[in-house]
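Subject: The structure I promised you

Hi! Have a look at it first, then read on.

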Amino acid sequence: MLDFQHLLTKKEPVVQKIYGKELTQAEIELYIQREDLFHPELSGNKWRKLKYNLLEAKEDTYTRLLSFGGAFSNHIHALAASGKHLGFETIGVIRGEASSRSNPTLRFAEQCGMQLYFVSRTDYRRKEETAFMEELEKQFGRFYLIPEGGSNALAVKGCTEIVSKVQPYDVIGLSAGTGATAAGVIASLEGEKEVIAFSALKGDFLKKDIEKFIYDFRQTCPSGRRVSYTNWTLNTDYHFGAYAKFNDELIQFIQDFQKRFDIPLDPIYTGKMMYGIFDLIQKGHFPKGTKILAIHTGGLQGVEGFRERFGVL
Ligand SMILES: *Cc1c(COP(=O)(O)O)cnc(C)c1O
């Protein structure tokens, strides 16, 4: 069980060292931070992104949370679990057909008490329009709105708590979808170390999005300093075709990784990031002696649905 006190307690991150011959050969030290182990139902960065939103919702006396997501969304899963544990009503506006209600993600969400509202792709695209919000409010009553993926300035604030400058690593690797997590990590390092954000999506619009998330977050900080950072890159070489696309090589990599290190990865985000890190190591991208910290942002709830859909993993 979770409560608001638990929410505010800072926990030491679980970090594991990974040993492998390719790492020894390249003289690279690789560590993985297990954000996926935070809580059985609320894992990874989706939890980090919700934390300050939930506190704000409570402070502003909201009893109902509403957000958006696809039928396999890690964010919808985490939101539903948060509602259950912290006593909020939750509404998930889901892109697509009501038939997806039976998939493991949405089944879990409904079991948590989430009300699902299925909309067409056309309506889903209106998710940032005021008129659509008014329609939703008429239907569901007053709600605290959380954007798709949970990503807003408060989410970035939550993600500033993932790593700290004092951790002894040179490079931080993480997966990026909307870029809010990357923004939080970059902001918290204040120009120190190097961050590589591995895009789970095709295209490089994410670079601008990450910059905007950092900027918007900085505006909410007491010092209000407008800072942009140069110690990070967006790597777009490991999206495997597009969001949620994959090939045999990726699946094989995830299976081998589980066997060798006893650590599960998901095929949408963390699997692609870790594949990218290993590939860059083998290509000699990092100088000898580099200490890399990979962030396991969770997402494992999606594996079962992925398996059902594609028959692999
Ligand atoms: C959503 C998600 C990401 C991407 O986070 P953003 O803040 O949207 O960039 C990365 N990893 C996992 C497991 C996720 O669920």
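Is Asp 237 buried or exposed? Asp 237 is exposed, because its relative accessible area is 60% (over 50% counts as exposed, under 20% as buried and anything in between as partly exposed, with a 1.4 Å probe and protein chains only). You'll find Asp 237 in the loop between β9 and α11 (248-261). Its C-alpha atom is 9.8 Å from that of Gly 203, and the two residues are 34 apart along the chain.

Before you go further: this is a predicted model, where local features need pLDDT of at least 70, side-chain atom pairs count only at pLDDT 80 or more, and totals for chains, interfaces and linings use all residues. Residues are numbered from 1 along each chain as its sequence is written, and side-chain values use heavy atoms, without hydrogens or water.

Now the sheet. Helices (H or I, at least four residues) and strands (E, at least two) are DSSP runs, numbered from the N terminus. Six strands form an open sheet with mixed pairing, in the order β1-β2-β10-β7-β8-β9 (a pair needs at least two DSSP bridges). β1 (15-18) and β9 (232-235) are at the edges with a single partner strand each, so one side of each has no neighbour in the sheet. Strands β2 (residues 29-34) and β10 (residues 291-296) pair in the parallel sense over six bridges, and Glu 29 is opposite Lys 291 in β10.

Next, the helices. Helix α10 (residues 206-220) lies across β7 (171-176), β8 (194-199) and β9, at about 140° to β9 (axes are lines fitted to C-alpha atoms, for helices over the stretch in contact, and angles run from 0 to 180 degrees between N-to-C directions).

The axes of helix α9 (residues 180-189) and α10 come within 8 Å and cross at roughly 55°. That makes α9 oblique to α10 (under 35 degrees is roughly parallel, over 145 roughly antiparallel, 65 to 115 roughly perpendicular, and the rest oblique). Residues in this contact (heavy atoms within 4.5 Å) include Ala 183 and Ile 186 of α9 and Phe 213 and Phe 217 of α10.

Helix α5 (residues 104-111) packs with helix α13 (residues 301-310) at about 135°, with the axes 8 Å apart, which makes α5 oblique to α13. Among the residues in contact are Arg 107 of α5 and Glu 304 and Glu 308 of α13.

Cheers!
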